[in-house]
Amino acid sequence: ASQNNKSKADAFDILEKIWQKKVAENPKDAVAQMNLGAVYQEKGLLDKAMSQYKLAQSLDSKNQMVKLNMATLYEKQGNFSEAIKIYDGFLAVYPNDTLINTYKAGALYKTGNYVNAISIYKKLLQQNPHNNELKNSLITSIKELPYESAKVYIQELVSLYPSDANMLYEIAYYYHTKNKYQDALSYYEKVLALDNTKADAYLNIAAIYKSQNNYQKALNTLNSSKEYIKNNNQIDVMIKDL
């Protein structure tokens with residue numbers, strides 16, 4: 001329910017009442033105090049959340065989840081150095097923990113430390129090569145680098161995941177936004193070779209040809225998509241426009 005925007009507020013109101021009741025029943029229950037803090041954090045009541053975490057920590061100083069929740073709260077407050085310090089404490093004991101490494105990489109990204117974030121995401125992908133969320137985070141970080149640096153990382157990615165249509169599409173779109181049209185077209189074609197139902201690839205190829213006043217090639221691209229994609233309104237509208 002907390003992931004559904006329509007029921008999110010109600011869900012957290014209910015959770016808040018549940019954990020307030022648990023705390024009232026046993027004020028020394030560190031987990032209940034922590035979970036009440038987590039609800040406050042999700043509701044944006046950051047000062048109240050921190051008070052709960054500190055109380056939970058005083059009740060159970062060995063509870064690692066309290067420390068982890070505090071780190072995520074520091075991030076929300078913009079105190080990334082304090083959050084990273086806590087993550088590093090965990091990683092000193094559990095260097096390969098996927099969750100903690102992901103949190104640290106996210107914090108580094110937010111501070112503009114893209115190179116170190118990329119390094120962590122690359123290491124995590126070696127352990128989890130099919131994790132699309134990690135791949136997306138890695139590409140997002142690479143896109144923040146200067147173009148020439150980004151291109152080096154992209155070439156490495158392509159050599160590692162030559163058959164990942166979603167990743168190749170993101171790379172194609174990156175080149176597209178940088179007006180590197182030949183590279184973009186090349187990668188869009190690679191995407192379609194792997195997945196000929198990717199409507200956005202056809203549309204973006206046609207958009208590039210249209211920007212070059214090559215309307216016939218744009219039309220040919222969209223008409224060829226009709227063999228694999230039925231009843232796509234965006235394609236129909238663009239064909240009429242062309």
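I began with Asn 231, which sits in the loop between helix 13 and helix 14 (233–241); helices here are DSSP runs of H or I with at least four residues, numbered from the N terminus. I kept in mind that this is a predicted model, where local features need pLDDT of at least 70, side-chain atom pairs count only at pLDDT 80 or more, and totals for chains, interfaces and linings use all residues. Residues are numbered from 1 along each chain as its sequence is written, and side-chain values use heavy atoms, with hydrogens and water left out.

For Asn 231 I noted a phi near 55°, a positive value in a residue other than glycine. Asn 231 counts as exposed because its relative accessibility is 76% (buried is under 20% relative accessible area, exposed over 50%, partly exposed in between, with a 1.4 Å probe and protein chains only).

Next I looked up the loop between helix 12 and helix 13, where I found Asn 213. Its phi is near 60°, again positive in a residue other than glycine. At 53% relative accessibility, Asn 213 is exposed.

Asn 214 is in that loop too, between helix 12 and helix 13 (215–225). I put Asn 214 down as partly exposed, at 29%. A polar atom of its side chain lies 3.3 Å from the backbone nitrogen of Lys 217. I also checked Leu 242: it is 28 residues from Asn 214 in sequence, and the two are 10.0 Å apart, C-alpha to C-alpha.

Then I turned to Ser 225, in helix 13. Buried or exposed? Ser 225 is buried, since its relative accessible area is 0%. Not counting residues up to four places away in sequence, Ser 225 touches Tyr 202 and Ile 235 (contact means heavy atoms within 4.5 Å).

On to the largest nonpolar core: I read 68 residues, with Tyr 175 and Tyr 188 having the most contacts inside it. Such a core is a set of buried Ala, Val, Leu, Ile, Met, Phe, Trp, Tyr and Cys residues joined through side-chain atoms within 4.5 Å. Which helix gives the most to this core? I found that helix 12 (residues 199–211) does, with eight residues. Leaving aside neighbours within four places in sequence, Tyr 188 is in contact with several residues, including Tyr 169, His 176, Asn 204 and Ile 208.

How values were computed:
Helices (H or I, at least four residues) and strands (E, at least two) are DSSP runs, numbered from the N terminus. A polar contact is a pair of N or O atoms within 3.5 Å; within protein, one must be able to donate a hydrogen and the other to accept it, and residues adjacent in sequence count only if both atoms are side-chain atoms.
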